[in-house]
Amino acid sequence: AAAEITRCQPFLARTLDIVRAPVVVALGRIAIESLRAIAPHGAQLPRDVAAALPWRGRTLVPMYHPSRQSTLHRPQAAQEDDWRRLGEAVAAAAASE
């Protein structure tokens, strides 16, 4: 994963510079670490799951990756609640635009 993050980081950073989305959703640990390589943040799973965190003038929302394996770490019902909270974060960001 570390080599993948290093290899892809310039492309991800450039994409984030081009696409000025107000909300960045990090799906899983590798995504969270990839964003940390671009600009520091303190986001961690499970502590910050579905939390709207400030990052580079945007909102960063860390989420578990939506795979079957993720239910080993977080029950399906909790993940469904996380997705509802993500929707609220997106709506709040859209309202402030």
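**Note on helix 1 and the three-stranded sheet**

1. Ile5, Ala13 and Leu16 are the buried residues to look at in helix 1. The model is a predicted one. Cover for the buried residues of this helix comes from several elements, including strand 1 (23–27) and helix 2 (29–38). Strand 2 (53–55) and strand 3 (58–63) also contribute to that cover.

2. Helix 1 spans residues 2–18, 17 residues in total. From first C-alpha to last, helix 1 reaches 24 Å, close to the 24 Å expected at 1.5 Å a residue.

3. Is Phe11 buried or exposed? Its relative accessibility is 62%, so Phe11 counts as exposed; the cut-off for exposed is over 50%. His41 is 30 residues from Phe11 along the chain, and the two C-alpha atoms are separated by 19 Å.

4. The sheet is open, with 3 strands in the order 1-3-2 and mixed pairing. Strand 1 and strand 2 are the edge strands. Each has a single partner strand, so one side of each lacks a neighbour in the sheet. From one strand to the next, the twist averages 40°.

5. Strand 1 and strand 3 run parallel and are joined by 5 bridges. Val25 stands opposite Val61, a residue of strand 3.

6. Helix 2 lies across strand 1, strand 2 and strand 3. Relative to strand 1, helix 2 runs at about 130°. Helix 2 is also among the elements that cover the buried residues of helix 1.

Technical notes
Residues are numbered from 1 along each chain as its sequence is written. This is a predicted model: local features need pLDDT of at least 70, side-chain atom pairs count only at pLDDT 80 or more; totals for chains, interfaces and linings use all residues. Side-chain values use heavy atoms; hydrogens and water are left out. Helices (H or I, at least four residues) and strands (E, at least two) are DSSP runs, numbered from the N terminus. The expected span of a helix is 1.5 Å times one less than its number of residues. Buried means under 20% relative accessible area, exposed over 50%, partly exposed in between (1.4 Å probe, protein chains only). Contact means heavy atoms within 4.5 Å. Two strands pair if DSSP finds at least two bridges between them. Axes are lines fitted to C-alpha atoms, for helices over the stretch in contact, and angles run from 0 to 180 degrees between N-to-C directions.
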